[in-house]
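I started at a single loop residue, then moved on to a helix and some ring pairs.

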Amino acid sequence: MAVGVLALQGSFNEHIAALRRIGVKGVEIRKAEQLENVTSLIIPGGESTTMAKLAELHNLFPALREFVKMGKPVWGTCAGLIFLANKATGQKTGGQELVGGLDCTVHRNFFGSQIQSFEAEIPVPDLASTEGGPPSFRAVFIRAPAILEVGPDVEVLASVSFQSTKEVDSNSALQQEITQPDNKVIVAVKQGNLLATAFHPELTIDSRWHSYFMKMASSSNEIVATSSSSSSINSFEDQESYLYNKQPKTDLPIYH
């Protein structure tokens, strides 16, 4: 049950370490043909424009779009959310290529610059009911995007309060769109095989989002839950234990 992690730029190592903590093997993906060897994919946070240029250089976009269209589970965090969105605003001059598939509009840099990065406790009722644990999640937002609107098939998993939109965008129409009465904006969604978060779960000790994604992957028809090399590994829990024991236990620093 190896999970592909797009490893062009950004926090791919942190995702692989987070997967290791729950007993799942993460595989770095840099070429289109490598996608054939995995049944699910994480697109990590990073600098979305740089990631897009590297993906274009390696001709990855056609393969990534096909991966999504085939119904394979894909999770985008921060920049990965931007990649998966059908539409993105607030982009740099010339914009950037998107993978698409997620019926939403994303503002690329909703919360401001790097120095305006923050942490917040966000209510996560669906995550808590599925994975247990506390009813909130300590989310790390680093130069984060936000979801301005979603389509009818998109399930909202989490929102966060924000204080001001004065410096978000000078476009008055956009200001009117994102200034909602309750001053909340969407930061986590799910649509079919797609999961997206505007924050960085891989930078925290709370592994529930990774476990949540693995349940999406294990329930997908594309996942093969047995290993031909070991007939004793017959369940997802057995595979978690097997892979964990095979992996080195050196992890990257995380936020507590």
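**Entry 1, a loop residue.** I looked up Ala198 in this predicted model and found it in the loop between strand E12 (194-197) and helix H7 (208-219). Is Ala198 buried or exposed? Its relative accessibility is 0%, so I noted Ala198 as buried. I then listed its contacts beyond four places in sequence: Cys78, Leu81, Phe141, Ala144, Pro145 and Val187. I also checked Gly80, which is 118 residues from Ala198 in sequence, yet their C-alpha atoms are 8.4 Å apart.

In H3 (residues 61-69) I found Phe61, Leu64, Phe67 and Val68 buried. They span an arc of only 120° around the axis, so they sit on the same side of H3. After H3 comes Gly71, with a positive phi near 85°.

I got eleven aromatic pairs in the structure. Phe118 and Phe141 are stacked, at 4.7 Å centre to centre with 10° between the planes. This pair joins strand E7 to strand E8, 23 residues apart. Phe141, the Ala198 contact from my first entry, is buried at 1% relative accessibility, while Phe118 is partly exposed at 25%. Phe137 and Trp209 have centres 6.2 Å apart and planes at 85°, so I logged them as edge-to-face. Both Phe137 and Trp209 are buried.

Technical notes:
Residues are numbered from 1 along each chain as its sequence is written. This is a predicted model: local features need pLDDT of at least 70, side-chain atom pairs count only at pLDDT 80 or more; totals for chains, interfaces and linings use all residues. Side-chain values use heavy atoms; hydrogens and water are left out. Helices (H or I, at least four residues) and strands (E, at least two) are DSSP runs, numbered from the N terminus. Buried means under 20% relative accessible area, exposed over 50%, partly exposed in between (1.4 Å probe, protein chains only). Contact means heavy atoms within 4.5 Å. The arc is that of the directions from the helix axis to the C-beta atoms. Rings of Phe, Tyr and Trp (its six-membered ring) pair if their centres lie within 6.5 Å; planes under 30 degrees apart count as stacked, over 60 as edge-to-face and the rest as tilted.
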